[in-house]
Amino acid sequence: MHLPRGTFHSIKKKVSLKLVLTEVLQSRFSGILTISGGTTLVLRQGQIILAEHHTLQGTPAFEELSKIDDLQVDAELSTLT
């Protein structure tokens, strides 16, 4: 998935994947969430509109991510302009 980089918003180091996902969904974040290990999500007002996890894309990618509970990740948030 090739996306524009957007405007840097924040970075989170060594946090739970579950916590990051919960935070962006509940805060109705709009932008790109890039997670260490090859995962990218594009969100609009807390709704995931594009997902890529390793070689999976779309719904299968998000379903695979949803199965992971306690993984510690680094995450970068960028807003789209």
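## Exercises on strands, hairpins and salt bridges

Leu50 sits in strand S4 (residues 47-53). Helices (H or I, at least four residues) and strands (E, at least two) are DSSP runs, numbered from the N terminus.

The model is predicted: local features need pLDDT of at least 70, side-chain atom pairs count only at pLDDT 80 or more, and totals for chains, interfaces and linings use all residues. Residues are numbered from 1 along each chain as its sequence is written, and side-chain values use heavy atoms, with hydrogens and water left out.

### Exercise 1: Leu50

Find which residue stands opposite Leu50, and which nonpolar surface patch includes Leu50.

*Solution.* 
- Start with the pairing. S3 and S4 run antiparallel, joined by six bridges. Two strands pair if DSSP finds at least two bridges between them.
- Now read across. Opposite Leu50 stands Val42.
- Leu50 has 39% relative accessibility, so Leu50 counts as partly exposed. The classes are buried under 20% relative accessible area, exposed over 50%, and partly exposed in between (1.4 Å probe, protein chains only).
- Finish with the patch. Leu3, Ile49 and Leu50 make a nonpolar surface patch of about 230 Å². Patch residues have over 30% relative accessible area and no salt bridge; like charges are joined within 9 Å, nonpolar side chains (Val, Leu, Ile, Met, Phe, Trp, Tyr) within 5 Å. Accessible areas come from the Shrake-Rupley method with a 1.4 Å probe; for residues, only the protein chains shown count as cover.

### Exercise 2: Thr39

Is Thr39 buried or exposed? Which side chain makes a polar contact with the side chain of Thr39?

*Solution.* 
- Locate Thr39. Strand S3 (residues 39-44) holds Thr39.
- Read the area. The value is 3%, so Thr39 is buried.
- Find the partner. The side chains of Thr39 and His53 make a polar contact at 2.6 Å. Such a contact is a pair of N or O atoms within 3.5 Å; within protein, one must be able to donate a hydrogen and the other to accept it, and residues adjacent in sequence count only if both atoms are side-chain atoms.
- List the surroundings. Beyond four places in sequence, Thr39 is in contact (heavy atoms within 4.5 Å) with Leu33, Thr34, Glu52, His53 and Leu65.

### Exercise 3: Two hairpins

Which residue takes a positive phi in the hairpin of S3 and S4, and which in the hairpin of S4 and S5?

*Solution.* 
- Take S3 and S4. Two residues lie between the strands, and Gln45 has a positive phi near 50 degrees.
- Look around Gln45. Leaving out residues up to four places away, Gln45 touches Arg28, Phe29 and Ser30. Gln45 counts as partly exposed because its relative accessibility is 45%.
- Take S4 and S5 (residues 56-57). The two strands pair in the antiparallel sense over two bridges. Glu52 has Gln57 as its bridge partner in S5.
- Read the turn. This hairpin also has two residues between the strands, and His54 takes a positive phi near 55 degrees.

### Exercise 4: Salt bridges

How many salt bridges does the structure hold? Which parts does the pair Lys12 and Glu23 tie together?

*Solution.* 
- Count. There are two. The criterion is a side-chain nitrogen of Lys or Arg within 4 Å of a carboxyl oxygen of Asp or Glu.
- Take the pair. Lys12 and Glu23 form a salt bridge, with closest N and O atoms 2.8 Å apart. Lys12 lies in strand S1 (residues 7-16) and Glu23 in helix H1 (residues 17-26), so the pair ties together parts 11 residues apart in sequence.
- Take Glu64 and Lys67. Their side chains meet in a salt bridge at 3.8 Å, N to O. Glu64 is partly exposed at 32%, whereas Lys67 is exposed at 63%.
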